[in-house]
Amino acid sequence: MALLVCKEKCTGCGVCAQTCPFDAIDIVNGTAVIKASCNLCGACIEVCEFEALQMEQIEAPVSDLSTYRGVWIFAEQRGGVLSSVAMELLNEGRKLADRLGVSLSAVLLGHEISAQASILVAHGADRVLFVDDPALKDFNDDAYTAVLADLIRKERPEIVLSGATAIGRSFIPKVAARLGTGLTADCTALDVDPGKRLLLQTRPAWGGNILATILCPSRRPQMATVRHKVFKRADQDERRKGEIERRGLNGISLDLKSQVIRTVEEIENTVNITEADIIVSGGRGVASKENFAVIEDLARALGGAVGASRGAVDAEWISYAHQVGQTGKTVCPKLYIACGISGAVQHLAGMQSSEVIVAVNKDPDAPIFKAATYGIVGDLFEIVPLMTRRLKEMLEGTK
Amino acid sequence: MNIVVCIKQVPDVSDVRINPETHTLIREGVPSIINPFDMYAIEEGIRLRERFGGKVTVLTMGPPQAEAALRDAVSMGADDAVLLSDRAFAGSDTLATSYTLSMAIRKFGSLDVVICGKQAIDGDTAQVGPEIAENLQWGFAAYVRKIEDIADGSIRLERLMDDGYDILNVRLPAVITVVKEINRPRLPSLKGKMQAKKMAIPVWTAEQIGADPERVGLKGSPTKVWKIFTPEFKRKGERIEGEPRAQVDRLISEIRRLGIV
């Protein structure tokens, strides 16, 4: 694939050169010239009013790709408990599998967790590949890579999806590299072209300023990690039938180069912001470590997690695990309440795909209000505790 | 301790603006910076050298102007720098990029640790680090927030997870990717700046690293960008006015109506 310039149509106006995010177009002798730094993003194609730029056609899939069939999801577990993103993947995977007319399989790696395999069936898996071994009890990059890559080689699925979790984003790239196939990170939308059997993988880039749809036309499987919370959980239906294939390692060499000595779970349940449905975040406006109690109280009243802006983390009012934004975590809760956060681009990049955003800020011109569904201009130390109190009163009232 | 730090020169995306008419990125005047996560990688490399001795080399793949990022890293205290630049590398996705970087890393010979930032802020994939580890068949840890010790041929570190952290031992040589929590990058020193200014930075091509032409650049990249568009945020952007009590009650009733609480 390459970007082509039609010299007859190009007027040398230079709009493409100005638009190019990679500074990869020069105007030479009245014609656009594509430089080596071209990343094939296609931004120039859209702005050219003379239709002088076009992307060379994507090559047709090689015939042997048709031997790959089926949609797989990696069903992540930690401490024997399935991650919520596994249920979201089952829902989305089900749709893709149905459109392609193939089966949906879930891959479960762990030890003595057969009950979790049944849960996956109840949530829509036609088949669960459960590899049961003590070496897979806890996450290990080398062991998980070896086993998943081996299963894929033997069974040849056409699509493999995983959550874009710490675990997924750590070892799924290793699986893709071992198989020599493409991988798209942190997708927020998926679709298929049933005719070409291509997975259309859409993801944010450039701090969420643009969305790109990525294809993997000529290698299989097509692999993607998927952001938490962007897809709904699959419904549970105990009547669903599915095969559970329990396997051992069957001589797969794990080649362990690392070993987990200890797993430390943060005691506070308010820390896991990637899985939370509700996040209450504090920024510089919170002004001190002690004041974060105000944010924590509201989070607790809502049953949510505590987030923070980079400013608050850099000031050491709260630990880095809570940081939302470009240099922290990307979150996608149902409700995000930003308190005393001005809304720098870097922060917005980490939370703007949230379903509902509430902003509380003293400054009526704070950029956060542009991203917010509901904005309250006011003092967070007045608004937030009041909200906590009113929520508690209402909850007690409904008892 | 022989250390390579992989860095990337990126446009400062915080400066990126969208043209409201064409809905495209305005790149003009956007400065190039070292990917912010890579600053922690450079700093950690220098700290490891300070603790255990040895040498820190910064490596980047990019167009000729990416050399500026390498000089910035040297001014912070890196000992050496190599630029991977070749037209053949253009259009690389993460698989081709990691292959190219790992071929260059092999060329360095005996190494102990390769450090990368967790991800780059332009692409946000976080894939190149683990893919380098896979290509080299080395040990790997992502999201490293603390290096406890290096002893007996392995590195003991803390890895940030979604629900806490893991303490693990990784056999050397190893590739690690680091998060912001690991350190505070130092500012360039005057001595470093002088050194950076006069340093001759070698440029390695695809041929020099012995790369398979089928595995670099566009040819070596299984993923293709099909289209790019600007996200639409359908937010009402409603301001809730009134006295605090009324504002709060209105907000609570809205989020209850939406079934969130």
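Residues are numbered from 1 along each chain as its sequence is written, while chains are lettered from A and ligands numbered from 1 in the order in which they are written. Because the model is predicted, local features need pLDDT of at least 70 and side-chain atom pairs count only at pLDDT 80 or more, whereas totals for chains, interfaces and linings use all residues.

Chain A contains 11 helices and 22 strands; helices (H or I, at least four residues) and strands (E, at least two) are DSSP runs, numbered from the N terminus. Its C-alpha trace spans about 65 × 65 × 40 Å along the principal axes.

Chain A is assigned domain 1 (3-55), domain 2 (63-247) and domain 3 (278-398), with bounds that come from an automatic or database domain assignment. The centres of domain 1 and domain 2 of chain A, taken over C-alpha atoms, are separated by 37 Å.

Within chain A, helix α5 (residues 141-155) and helix α6 (residues 166-179) have axes that come within 9 Å and cross at roughly 45°. Axes are lines fitted to C-alpha atoms, for helices over the stretch in contact, and angles run from 0 to 180 degrees between N-to-C directions. The helices α5(A) and α6(A) are therefore oblique to each other; angles under 35 degrees count as roughly parallel, over 145 as roughly antiparallel, 65 to 115 as roughly perpendicular and the rest as oblique. The crossing of α5(A) and α6(A) is right-handed, a term used if the near helix is turned clockwise from the far one by less than a right angle. Among the residues that meet are A:Y144 and A:L148 in α5(A), and A:F171 and A:V175 in α6(A); residues are in contact if their C-beta atoms, placed from the backbone, lie within 7 Å. The contact of α5(A) with α6(A) comprises 7 nonpolar, 2 polar and 3 charged residues. Here Ala, Val, Leu, Ile, Met, Phe, Trp, Tyr, Cys and Pro count as nonpolar, Asp, Glu, Lys and Arg as charged, and the others, Gly among them, as polar.

Helix α6(A) also meets chain B. Its axis and that of helix α4 (residues 128-136) of chain B come within 8 Å and cross at roughly 45°, so α6(A) and α4(B) are oblique to each other. This crossing of α6(A) and α4(B) is right-handed. The contact includes A:P173 and A:A177 of α6(A) and B:P130 and B:E134 of α4(B).

The whole contact between the chains takes 96 residues from chain A and 82 residues from chain B. On the side of chain B that touches chain A, helix α6 (residues 244-257) of chain B gives the most, with 9 residues. That side of chain B has 42 nonpolar, 17 polar and 23 charged residues.

The peptide bond from A:R220 to A:P221 is cis, with omega near -5°, and A:P221 is found in the loop between β14 (210-215) and β15 (222-226) of chain A. In strand β11 (residues 183-187) of chain A lies A:D186, a residue other than glycine whose phi is positive, near 55°.

Conventions. Contact = placed C-beta atoms within 7 Å.
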